[in-house]
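Me: I have a structure open and want to go through its side-chain contacts. Can you take my questions as they come?

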Amino acid sequence: MTSHIFAGRAYRNRVHAGRILAEHVERHLSALPAPAAETSVIALPCGGVPVARQVAEHLDAPLDVLPVRTIGVPDQPELAAGAIAYPGVMVTNDEIIGGLGITPDEWNTLVRRTRAELERCTRVHRHGRAGIAVRDAHVVVVDDGVSTGATMRAAVGALRRLGAAQVTVAVPVGPPGMSERFGDVDHVICPTLLESFRGACAAYDEFEPITDADIRELLSYAGTR
């Protein structure tokens with residue numbers, strides 16, 4: 001993993017982060033043996049899509065989105081007690097679940113709600129378009145940053161289930177030691193590690209919400225067709 005410790009903001013916005021990340025990914029790929037299959041870029045919604053668009057364009061690679069949703073805890077939806085990724089891979093953070101005293105009934109309710117939102121996102125983001133095939137491909141999975149790592153771990157598990165030959169995680173920013181949270185991943189690329197990690201937004205001057213319409217437009221990149 002190539003990175004450096006950074007104490008302040010490193011990126012103007014997600015497009016800027018994507019361009020810098022793309023250069024790191026290109027250098028990483030050029031150092032590997034020639035892959036047996038093409039490289040595909042997979043974005044995690046929502047903030048990973050504008051970052052991944054820059055990486056895909058730079059590599060001239062196909063781009064797709066992998067629906068994945070965080071299982072937020074009651075009254076703290078941004079705190080990840082787990083995550084679910086298409087086609088049904090779920091990971092859990094037992095420390096958070098136990099620490100907050102979430103009961104089995106409460107957990108089942110959270111999971112049902114998350115699955116329903118995941119199904120909605122799959123319909124809306126893909127807009128009737130079949131996802132690109134990742135079987136036997138070298139997949140670069142991209143997000144705008146990593147916090148708990150739950151969504152990325154679910155995504156990596158889903159890509160393995162879909163038959164990806166190699167999985168490289170590429171994110172502009174994350175906490176030290178984050179690569180241990182991702183499970184069965186071959187490589188991790190993260191140009192910036194935040195010394196005092198307060199979430200990915202701390203590395204950006206602009207960190208605007210990404211809408212469903214934004215995602216559909218970003219995925220109109222020719223590499224997705």
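This is a predicted model: local features need pLDDT of at least 70, side-chain atom pairs count only at pLDDT 80 or more; totals for chains, interfaces and linings use all residues.

Me: Which elements do Arg69 and Glu117 lie in?

Reply: Arg69 is in strand 4 (residues 68-73) and Glu117 is in helix 4 (residues 104-126), so the pair ties together parts that are 48 residues apart in sequence.

Me: Which residues are linked with them in a network?

Reply: The network of salt bridges links Arg69, Glu117, Arg120 and Asp212.

Me: How many salt bridges does the structure hold?

Reply: Seven. Another one of them joins Arg14 and Asp144, with the closest N and O atoms 3.0 Å apart. Arg14 lies in helix 1 (residues 14-30) and Asp144 in the loop between strand 7 (138-142) and helix 5 (150-161), so this pair ties together parts that are 130 residues apart in sequence.

Me: What about burial for Arg14 and Asp144?

Reply: Arg14 is buried, at a relative accessible area of 10%. Asp144 is buried as well, at 8%.

Me: What else does the charged end of Arg14 sit over?

Reply: The ring of Phe207, with the charged end 4.1 Å from the ring centre.

Me: OK, rings then. How many aromatic pairs are there?

Reply: The structure holds two. Tyr11 and Tyr204 form a tilted pair, 5.6 Å centre to centre, with 40 degrees between the planes. The pair links distant parts of the chain, 193 residues apart: Tyr11 is in the loop between strand 1 (4-6) and helix 1, and Tyr204 is in the loop between strand 11 (192-194) and helix 6 (212-218).

Me: And why is the pair of Tyr204 and Phe207 tilted?

Reply: Their planes are at 45 degrees, so the pair is tilted; the ring centres are 5.0 Å apart. The cut-offs here are under 30 degrees for stacked and over 60 for edge-to-face, with the rest counted as tilted. Tyr11, Tyr204 and Phe207 form one aromatic cluster.

Me: Which residues of helix 5 are buried?

Reply: Ala150, Met152, Ala154, Ala155, Val156, Ala158 and Leu159.

Me: What span should helix 5 have, and what do its ends give?

Reply: At 1.5 Å a residue, its 12 residues should span 16 Å. The end C-alpha atoms of helix 5 are 17 Å apart, which agrees.

Me: Last one: what follows helix 5?

Reply: Gly163 follows helix 5, and its phi is positive, near 100 degrees.

Terms used
Residues are numbered from 1 along each chain as its sequence is written. Side-chain values use heavy atoms; hydrogens and water are left out. A salt bridge is a side-chain nitrogen of Lys or Arg within 4 Å of a carboxyl oxygen of Asp or Glu. Helices (H or I, at least four residues) and strands (E, at least two) are DSSP runs, numbered from the N terminus. Buried means under 20% relative accessible area, exposed over 50%, partly exposed in between (1.4 Å probe, protein chains only). The expected span of a helix is 1.5 Å times one less than its number of residues. Rings of Phe, Tyr and Trp (its six-membered ring) pair if their centres lie within 6.5 Å; planes under 30 degrees apart count as stacked, over 60 as edge-to-face and the rest as tilted. A charge sits over a ring if NZ of Lys or CZ of Arg is within 6 Å of the ring centre and within 35 degrees of the ring normal.
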